[in-house]
Amino acid sequence: SRFPYDATMIFITLSIFSLLGGLYATAGFRDARATRMSVVDFWKNETLGDGLNLRVAHGVNSWPALVEQLQEPFLNKSMLLEGDVFLQNHRRPRHRAIPVMSPSARAADRMTFKEWLREVASLRKAIKINFRSTDVVHPVLEYLHAAQFDPSSPVLDYPLILHADVFRSYKSIESAVDPSVFVSNTENLFPDATLSLGWTKQANFTLVDEKHKRISWRQLMHILEYVARLDQPVMLSVRLTVAANSKEQLLWLLGMDKQVSLLIWSDDHDEVDDWKPIFDLRRMATKNRVLYDLLEKHRDILQRESADPIENPPTFSMESWRAVVFSSSSTDLSTVVMSARGPAFLGKPTALLLSHAHPQAFPGEQKIRGKVHFLPKKTGKGAEVDEESGVVIYLVDKIHDLQSPRVDDAIEVFIGYDGRVSIEKKMRRSNMKNKSSETYYDTKATGQAEKSHCYEFTVTDAGWRVSAEVLPVSCSDEKARGKRSLLDLPYLKGLSSLPYLDETDAPPSAYIQLETPLTRSRTLRSVAISKRGDPSVDFLLDRLEHSSCARLSFFVSIILLITVFFSR
Amino acid sequence: MRESLLLLATCLLVQRVASLGCMVKVCDGNDKNELRKCPDRDGSCGEYKGKRSDGILLDAIDLRCDAGRKVFAPIDGQMEFFRPFGGKKDKKCADAGVKIEGTGQWQGYVVYISSVELDHFGGSVKAGDELGKAMDRVCNEDESQKGVEPHLQIKVTKAGQPIDPTYHLQQCMCTGQICEGNIANTLLGAPFKSDSRYNGVKGYDIECPMIEEDDEEGKRRAPIIYSPINGEIMGRARTHFDANGYYSGCENDAVFIVGTDQWIDFEVRIYNARYREDLPLGRHRIVQGQPIAVRLTCDSAPDSVFVEIRHQGRVIDVSDMITAESCKLPNLFN
């Protein structure tokens with residue numbers, strides 16, 4: 001009979017179906033991920049993991065441009081395809097506003113976003129959508145959101161970049177897309193994509209003053225306002241000249257503990273005199289994190305130069321600190337943002353940075369050093385900034401039950417943005433009652449350093465005494481290198497630190513100290529760093545380190561080792 | 001024995017914790033924090049996003065309160081003076097209010113109350129502290145023109161965005177703090193997850209680490225567990241029993257509470273906790289926030305307690321009521 005044969009056939013068909021189903025399911029899973037992937041990583045074989053090998057097809061906004069894409073030579077294929085989307089303005093209100101690819105008036109050339117996406121999705125390329133106005137953001141994202149669940153819609157399984165020029169550049173000729181609208185919409189409607197932020201176009205870049213051809217630290221804080229809260233990968237689109245002038249700032253962004261990448265682009269107005277920062281950037285950053293979309297002449301210069309990675313030791317060890325962020329009462333970003341090049345404290349003082357280093361047993365000594373860079377937000381005329389704004393370093397007996405950003409029962413070392421320095425012993429009222437011995441100690445020591453934007457500081461805790469030395473310094477690294485830095489001073493490496501008495505260019509530094517009672521556990525205190533005062537005074541900490549040396553315990557351990565050795 | 005005595009002593013010291021997410025009485029004489037009647041004489045409403053006399057849908061509530069009554073702080077925090085009418089000349093007689101920036105469990109919240117004649121103009125306040133006297137908000141209007149009941153306006157924001165404070169103020173159905181040392185019921189992992197350690201039931205894994213003693217260095221004790229609801233304690237519950245039908249194992253212990261009052265139809269089981277031995281055996285009444293148990297200290301006991309909540313016998317998702325995100329009872333009848 002034919003029955004067994006049929007049964008086998010049914011079995012085979014069923015298994016094929018289930019296999020297909022399984023494949024479909026995995027493919028579906030991959031879709032969501034692929035749109036989030038970095039373009040460089042996705043085309044690993046073609047780019048060799050280097051963003052310089054990326055080829056971009058610009059302004060593919062019309063039918064002829066699309067056809068051109070289809071006829072590309074196979075070996076020299078572009079990997080990223082860029083399209084600009086506008087909102088079509090109709091003269092008659094009965095026509096609905098629809099997203100289109102170019103604002104061309106001729107109906108024959110006009111391509112709607114939906115048509116474009118359907119064609120582009122089948123081209124097997126990464127897609128970059130440039131949102132050219134605030135109004136177009138919502139309708140396009142709404143469509144993309146809906147398309148994920150609609151089987152008749154084009155399937156997106158290549159990296160997707162959503163770009164908008166959200167930052168207004170100096171002498172801009174177009175209006176910026178509202179960053180909060182753009183960020184919140186992408187976050188809600190299509191989080192599985194790379195979010196790209198850029199600056200608006202300028203009429204003639206060569207005429208712009210040099211000081212506007214860079215990203216300042218203050219602007220970086222402004223960028224963080226939008227970037228720090230996002231979960232999705234973020235890309236920053238920077239002009240070549242600007243990148244050359246903002247190496248430090250860009251390296252800070254790339255060092256963040258989240259997925260941030262950089263797209264460096266150029267046009268005919270870009271003139272770079274000093275290529276070194278660009279070479280450094282290329283060699284210091286991870287290759288797949290920096291993408292290049294350059295003119296041929298600029299690309300050649302880069303290609304000729306060696307791209308071997310150079311040692312870029314992190315100036316801040318993210319593993320040795322832990323950020324604790326409490327919810328803030330304001331809508332502005334209030335947090336601590338961690339980067340391999342230092343933490344940044346923003347907004348209201350609701351964040352704490354705790355050192356993981358275990359407190360050493362007394363006698364011993366611990367030092368907290370670093371450089372603080374204050375970045376006050378621009379405030380309106382007449383608005384006064386709280387004088388007590390700055391960095392606070394808490395030395396706490398116990399740190400385990402933190403329930404608010406205000407640490408009480410601690411020794412507070414404060415470095416104000418105006419150079420005010422203080423060490424203060426703040427005790428919980430209940431503790432003060434019990435301990436009469438506390439009254440034998442002074443509760444506060446204050447000092448004043450000359451006003452600057454940047455200060456280098458060293459806080460030394462020897463258990464029985466806490467001292468702080470604050471030195472106003474120049475903010476840019478290049479200039480500071482010529483100057484003597486506090487961190488290099490030989491006497492500070494020793495135990496005995498004297499007030500600064502240099503005869504030549506004695507900087508008006510502040511040195512204060514306060515004697516303190518020992519902790520009950522006979523150990524040094526735990527360390528936490530926070531912000532105090534005005535939410536408009538943000539700051540960056542550079543080269544922050546917490547080091548402790550307990551010499552005695554070291555000897556004890558050696559003696560212990562020896563005794564163990566001999567007792568065997 | 002000594003340990004239980006010690007425990008009793010500590011329990012007496014920390015009698016009843018404040019309930020989470022619920023604000024206390026704001027206006028003297030309005031114990032239940034009632035709003036002004038809706039619709040009022042002029043048809044306006046004092047509820048959240050209700051239409052006010054001037055046609056505005058306001059992100060605030062109007063709490064009934066006669067002028068001259070005492071006004072209390074609804075939350076713990078730092079208080080400040082603020083001008084609700086921004087110095088408008090015609091509103092001068094009511095242009096005073098208090099802004100409280102929350103601390104502790106209210107970190108990130110800000111409460112604005114107007115109009116209040118303040119006793120003091122700054123500093124930290126505890127929930128229930130007297131702030132001043134209520135003022136007549138419509139003092140500039142003629143007596144015959146007054147269209148609404150006398151009231152205080154309360155606006156609450158969280159991370160800068162206005163939120164609906166109604167259910168934080170009245171019919172507040174938030175569970176209290178559950179574990180000592182975790183004032184905000186911080187959860188481990190996802191809310192309303194199933195846990196194989198406790199028979200795979202769905203519930204909330206609430207962080208509950210050991211408490212370090214203040215006076216003795218390095219000594220740690222088990223944290224106290226507070227009742228999340230008003231109810232009757234039924235005693236111990238067990239997760240599993242062995243092949244012989246006996247309960248065994250150190251971590252095999254839980255507390256079982258049946259709700260009363262507004263918590264009627266609710267049942268709560270708290271796993272990884274031992275029923276307080278000094279409490280009398282058998283069924284008896286307890287109130288929200290009362291210390292009822294201690295966390296287990298077995299070697300294998302995790303640093304958390306697991307809470308299972310049932311309504312009419314069904315396991316329910318009340319994440320917002322646990323984390324005090326919202327204290328409104330969700331619709332459980334569907």
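View 1. Chain A is divided into domain 1 (1-34), domain 2 (35-304) and domain 3 (321-378 + 386-489 + 505-553), with bounds from an automatic or database domain assignment. The contact (C-beta atoms, placed from the backbone, within 7 Å) takes 13 residues from domain 2 of chain A and 14 residues from domain 3 of chain A. On the domain 2 side, helix 8 (217-227) and helix 10 (247-254) of chain A each supply at least two residues; helix 8 of chain A gives the most, with five residues. Helices (H or I, at least four residues) and strands (E, at least two) are DSSP runs, numbered from the N terminus. This is a predicted model: local features need pLDDT of at least 70, side-chain atom pairs count only at pLDDT 80 or more, and totals for chains, interfaces and linings use all residues. Residues are numbered from 1 along each chain as its sequence is written, and chains are lettered from A and ligands numbered from 1 in the order in which they are written.

**View 2. Helix 6 (residues 134-147) of chain A.** Its buried residues (20 or more other C-beta atoms within 10 Å of their own, C-beta atoms being placed from the backbone) are Val136(A), Val137(A), Val140(A), Leu141(A) and Leu144(A). They lie on the same side of helix 6 of chain A because they cover an arc of only 120° around the axis, taken from the directions from the helix axis to the C-beta atoms. Their cover includes strand 4 (126-131) and helix 7 (179-189) of chain A.

**View 3. Chain B against chain A.** Here 15 residues of chain B are in contact with 13 residues of chain A.

Methods: Contact = placed C-beta atoms within 7 Å. Expected span 1.5 Å × (residues − 1). Buried ≥ 20, exposed ≤ 12 C-beta atoms within 10 Å, placed from the backbone.
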